Amino acid sequence: MDMVAGKVKMTQQSVNSTMNPIDALERPIRLTARDVTVHYGAKQALHGISIDIPDRAVTSFIGPSGCGKSTFLRCINRMNDTIEGAKVGGTIKLDGEDIYDPQLDVVELRARIGMVFQKPNPFPKSIYENVAYGPKIHGLARSKADLDEIVVSSLRKAGLFEEVKDRLNEPGTGLSGGQQQRLCIARAIAVGPEVILMDEPCSALDPIATAIIEELIDELRENYTIVIVTHSMQQAARVSQRTAFFHLGNLIEEGVTEDIFTNPVNKQTQDYIMGRIG
Amino acid sequence: MNSLIIAGMLLVLLGLAYQSGWSRSRGLATTTGVKVHSRPQYHGSYVAIWAMLPALAILALWGWFGDGITANYITGQIPADVLSGLDPVALNATIARIRSLASGYGVAGDVQPFEQAAADALRSFQFITFVVVTVLAAVAGIAALLYARSQITARLRARNAVERVVNVVLIACSAVAILTTVGIVASLLTEAIHFFSFVSPIDFFFGTVWNPSFSSTDTGAHGQYGLLPLLAGTLMITVIAMLVAVPVGLMAAIYLSQYAHPRLRAVAKPVIEVLAGIPTIVFGFFALVTVGPFLRDFGNLIGLDIKATSALTAGVVMGIMIIPFVSSLSDDILNQVPRSLRDGAYGLGATKSETIRNVLLPAALPGIVGAFLLAVSRAVGETMIVVLAAGNSPVLRGNPFEPVATITVSIVNQLTGDSDFAGPQSLVAFALGLTLFVITLCLNIFALYIVRRFREQYE
């Protein structure tokens with residue numbers, strides 16, 4: 001991997017030509033993880049993960065089931081705090097600030113680092129209320145008009161507004177799976193995060209809904225730092241600029257997506273890419 | 001003793017039949033080498049079921065008609081001149097005396113010679129019939145056993161046949177529960193209709209005075225049976241109970257399901273549920289001896305006139321009684337809310353209490369309401385606490401610090417003591433019971449409907 005004074009070199013073009021080709025860019029590093037370990041009770045799930053995640057690009061974590069990629073993702077916004085018996089070690093810094101600092105406000109951190117889950121999980125409320133919930137609890141809107149604007153613009157950014165503009169007061173659970181997932185993305189965007197974590201966001205969706213979400217991720221990259229965990233190597237190749245391969249709780253290899261897929265250094269990565277393990 | 005012998009015989013038959021079917025099936029598999037449709041256990045069960053059916057049918061027939069046949073036989077033993085002097089009631093009494101003599105329990109008064117003779121005859125008759133019935137059942141069972149055994153071939157679908165029998169047994173068991181309900185409702189209904197021939201339904205459902213005057217000195221009048229004071233008492237106590245149980249139970253559930261450490265939860269939850277296992281009579285005297293006087297003294301302190309036995313006392317203690325009911329059900333329902341919803345809220349940066357208030361509770365609300373309604377129907381039907389602690393004063397008034405009476409207590413009052421079921425004084429209990437039944441039935445149906453709707457949302 002090419003490290004040039006804290007900048008990470010991005011690939012010349014994305015693997016999939018239907019997406020926007022990516023110009024040669026150098027992005028500052030947003031997230032730094034050093035020697036991150038996670039224990040669930042006596043079982044160690046992560047063995048010293050160190051990685052840098054660049055600003056306004058998509059970084060994907062791939063690897064077979066149980067390799068720790070989702071666990072690591074959940075460390076980044078401290079969602080592992082809600083799991084009984086989970087213990088996190090090492091340091092993760094967002095813009096140089098340690099997110100495991102006891103002084104740090106977890107609630108505020110999670111507003112800065114949004115998350116989209118594997119299964120679409122809209123609240124059993126209206127579409128409007130789903131998106132408005134985050135801004136409400138964080139006091140982001142000064143008036144009803146303000147809130148309306150946040151909701152509409154978030155739905156627009158998530159590419160859902162045109163489909164739901166006439167039924168904002170209907171329950172979010174009534175939407176299709178793909179729409180629900182975009183609603184969850186809109187809900188995450190509404191809080192105004194800098195980083196969006198996506199935990200296998202398409203694994204419960206059909207191919208068409210998946211394609212729509214992938215396109216959306218590519219657009220969101222303009223404004224957000226995105227980390228996506230995915231089962232599908234094709235998806236990693238299509239949407240991400242950098243890829244990290246996890247295996248058995250270890251980070252085996254990480255680098256520019258194209259390099260990982262065409263020219264992996266590590267034997268295990270090679271085997272996984274070729275379909276020999278996982 | 002006789003039943004024991006029969007039960008023993010049936011068990012032996014069962015074992016024999018199973019064993020013979022099983023061994024025959026084994027023989028089939030080893031000698032022929034053909035693929036056998038069912039495994040030996042099924043062939044064994046198949047023969048066992050076949051052997052049981054005729055035996056049980058004969059015993060059931062005897063159980064059904066045996067009593068009548070015996071009574072006829074006894075009547076036949078009574079000398080004709082005595083018989084002609086007996087009316088049906090006296091005849092039944094005589095038959096009962098002869099039966100007691102025959103079984104050796106002895107009877108009151110002097111034993112007439114003809115009674116002793118009839119009893120002796122009855123004893124031998126009973127022995128003979130018993131032997132005949134037992135032998136018949138055994139022979140029929142063995143015949144059926146042999147027949148079923150001869151049926152066993154490699155292609156016999158014993159497995160499917162056993163499956164059908166299991167199906168029938170299961171249906172029979174659920175039918176018992178359903179038929180019991182139907183029977184109880186039917187008897188409530190007929191007796192209540194009987195009651196309404198004395199007192200008009202309008203006077204009952206809309207009457208404001210409850211005074212069932214047991215004294216027969218009133219000329220013609222049966223007393224007054226206005227339901228409203230009792231209904232008001234029931235509702236008042238239920239409302240007070242829910243005011244105690246709902247907040248405490250719900251918050252306990254939230255604490256247990258969301259905040260408590262698993263180890264604490266593992267201890268606290270069973271302890272709370274033990275509260276549900278305390279007999280209601282214990283709650284009753286707890287109310288009478290402790291809570292009532294405490295509330296009265298407390299009322300004195302703050303200048304309120306609270307009677308020791310009052311709607312408040314009964315309601316508070318009943319509320320304590322149903323706390324575990326509310327908390328346990330709510331706890332289960334809160335745990336059913338998918339974890340992904342909680343994660344979604346945390347992922348947006350909601351705090352724990354925000355997540356509970358804005359996401360968890362709304363999602364669980366229908367289920368929690370269902371739990372409350374089930375608790376209400378328990379409170380409405382609760383008797384013992386009210387008997388002891390509510391003061392039994394069936395007067396229509398709105399003050400919870402005064403004694404009241406409820407529907408359940410009035411049923412107890414009307415039925416305890418010497419009551420024949422001819423007058424409205426006793427029959428009113430059925431009308432009250434029916435009213436209570438309809439109230440709790442409606443609440444239960446409504447609650448189940450709501451709980452089901454909640455389930456559909458997530459599964």
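Predicted model: local features only at pLDDT ≥ 70, side-chain atom pairs only at ≥ 80, totals over all residues.
Residues are numbered from 1 along each chain as its sequence is written, and chains are lettered from A, with ligands numbered from 1, in the order in which they are written. Local features need pLDDT of at least 70, side-chain atom pairs count only at pLDDT 80 or more, totals for chains, interfaces and linings use all residues, and side-chain values use heavy atoms, with hydrogens and water left out.

**View 1. Chain A as a whole.** Chain A has 10 helices and 12 strands. Helices (H or I, at least four residues) and strands (E, at least two) are DSSP runs, numbered from the N terminus. Of its 278 residues, 55% count as buried. Buried means under 20% relative accessible area, exposed over 50%, and partly exposed in between, with a 1.4 Å probe and protein chains only. Chain A exposes about 11900 Å², and carbon and sulfur atoms supply 48% of that area. Such areas come from the Shrake-Rupley method with a 1.4 Å probe; for residues, only the protein chains shown count as cover.

**View 2. A salt bridge between Glu194(A) and Arg30(A).** The closest N and O atoms of this pair are 2.8 Å apart. A salt bridge is a side-chain nitrogen of Lys or Arg within 4 Å of a carboxyl oxygen of Asp or Glu. The structure holds 29 of them over all chains. The pair of Glu194(A) and Arg30(A) links distant parts of the chain, 164 residues apart. Glu194(A) lies in the loop between α6 (177–190) and β9 (195–199), and Arg30(A) in strand β3 (residues 26–40). Glu194(A) is partly exposed, at 24% relative accessibility. Arg30(A) is buried, at 15%.

**View 3. A salt-bridge network in chain A.** Arg30(A) and Glu194(A) belong to a network that also links Asp55(A), Arg56(A), Asp95(A), Glu97(A) and Arg112(A). Within it, the side chains of Arg56(A) and Asp55(A) meet at 3.4 Å, N to O. Arg56(A) is partly exposed, with 33% relative accessibility. Asp55(A) is buried, with 10%.

View 4. Glu115(B) pairs with Arg97(B), and their closest N and O atoms are 3.0 Å apart. Glu115(B) is buried, at 4% relative accessibility. Arg97(B) is partly exposed, at 23%.

**View 5. The largest pocket.** Its volume is about 450 Å³. Of the 19 lining residues, the closest to the centre are Thr82(A), Glu84(A), Gln258(B), Arg342(B) and Lys352(B). On a 1 Å grid over the protein atoms alone, a pocket is an open set of points with protein on both sides within 12 Å along at least five of seven lines; a cavity is a set where a 1.4 Å probe fits but cannot get out; lining residues have an atom within 4 Å of a point. Grid points are joined across faces, edges and corners, and a volume is the space filled by probe spheres set on the points. Helix α8(B) gives the largest share of the pocket lining, 4 residues.

**View 6. The largest cavity.** This cavity has a volume of about 30 Å³. Its lining includes Thr234(B), Met318(B), Glu382(B) and Thr408(B). Helix α8(B) gives the most to this lining, with 3 residues.
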